[in-house]
Amino acid sequence: MLFETVLFYAFGTILLGAALRVITARNPVHAALYLVLAFFTAAALWLLLRAEFLALALVLVYVGAVMVLFLFVVMMLDVNLERLREGFWRYLPLGLAVGVLMAVEMALVLFHRWQGMAVPARAEPPGYSNTRALGRLLYTDYAYAFELAAVVLLVAIVAAIALTLRARKDRRAQDPAAQVRVRREERVRLVQMPAEKEGG
């Protein structure tokens, strides 16, 4: 057995264990940290499959940005864990049924795809870049799907901003239209006040 195969199964075992602990950990901070471990081991698997760009993107985007945001939200919010666990056993059969169904579907897809297929040994030519190959594939064969995903993400960002935007009552703002409509006589106002007498 090759050393890469041993590393693949080792990282795969760690990934499965970390993913299982994400859904079974009682503390949400621990679950988020296990998810970070799962992302790192998935990035290691991508490196073993010679997909360096995807591995770096997984670490930078998910571990460096998304998981930090999750940790901040989990630690800043006062999460009532007992209330979250109230409906666990009630929805457990439905969750198990959906999980088994998804596992069977993935197994059928992989079985029909790999049935009778021998994996050819790949020898990349000199100067091969999987980043360039991925970009060429995304912007040629999957250009419409890529643009559709970008539009969906843009709509999601705008919707998130619109849902969380709250107008404060004590906020002071300028009205440019009112400033333009002002007349010259309204800019300066002379106020007549009685003069104060000294020693009075």
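Predicted model: local features only at pLDDT ≥ 70, side-chain atom pairs only at ≥ 80, totals over all residues.

Biologist: Fine. How many helices and strands does the chain have?

Modeller: There are nine helices and zero strands. Along the sequence the pattern therefore reads α-α-α-α-α-α-α-α-α.

Biologist: And what share of the chain is buried?

Modeller: Buried residues amount to 12% of the 200 residues.

Biologist: What about contacts between residues 24 or more positions apart?

Modeller: Such pairs account for 61% of the contacts with a separation of 6 or more.

Biologist: Let us turn to the core. Which residues make up the largest nonpolar core?

Modeller: It has ten residues: Ala32, Val36, Phe39, Ala42, Ala43, Ala55, Leu58, Val63, Met67 and Leu71. In soluble globular proteins, nonpolar side chains tend to be buried together.

Biologist: How are helix 2 and helix 3 oriented relative to each other?

Modeller: Their axes come within 9 Å and cross at roughly 175°. Angles over 145 degrees count as roughly antiparallel, so helix 2 and helix 3 are roughly antiparallel to each other.

Biologist: Which residues make that contact?

Modeller: On helix 2 they include Pro28, Val29, Leu33, Phe40 and Trp46. On helix 3 they include Glu52, Leu54, Val59, Tyr62 and Met75. By class, the residues of the contact between helix 2 and helix 3 are 22 nonpolar, no polar and one charged.

Biologist: Back to Leu71 for a moment. Where is it, and is it buried or exposed?

Modeller: Leu71 lies in helix 3. Leu71 is buried, because its relative accessible area is 17% and the cut-off for burial is under 20%.

Biologist: What does Leu71 touch?

Modeller: Leaving aside neighbours within four places in sequence, Leu71 is in contact with Val29, Ala32 and Leu33. Ala32 in turn touches Met67 as well as Leu71, on the basis that residues up to four places away are not counted. Leu71 and Pro28 are 43 residues apart in sequence, and their C-alpha atoms are 8.7 Å apart in space.

Biologist: Changing topic, what is phi of Arg50?

Modeller: Phi of Arg50 is near 60°, a positive value in a residue other than glycine. Most residues other than glycine have a negative phi. Arg50 sits in the loop between helix 2 and helix 3 and is partly exposed, with a relative accessible area of 43%.

Biologist: Finally, how far does helix 7 reach, and how many of its residues are buried?

Modeller: Helix 7 (residues 143–164) has 22 residues and reaches 32 Å from its first C-alpha to its last, close to the 32 Å expected at 1.5 Å a residue. The number buried is one of the 22, so helix 7 lies largely in the open.

How values were computed:
Residues numbered from 1 in each chain as written. Heavy atoms only, no water. Core = buried A, V, L, I, M, F, W, Y, C linked by side-chain atoms within 4.5 Å. Buried < 20%, exposed > 50% of the residue type's maximum accessible area, 1.4 Å probe, protein only. Contact = heavy atoms within 4.5 Å. Helix = DSSP H or I, 4+ residues; strand = E, 2+ residues; numbered from the N terminus. Expected span 1.5 Å × (residues − 1). Axes fitted to C-alpha atoms, helices over the stretch in contact; angles between N-to-C directions. Parallel < 35°, antiparallel > 145°, perpendicular 65-115°, else oblique. Nonpolar A, V, L, I, M, F, W, Y, C, P; charged D, E, K, R; others polar.
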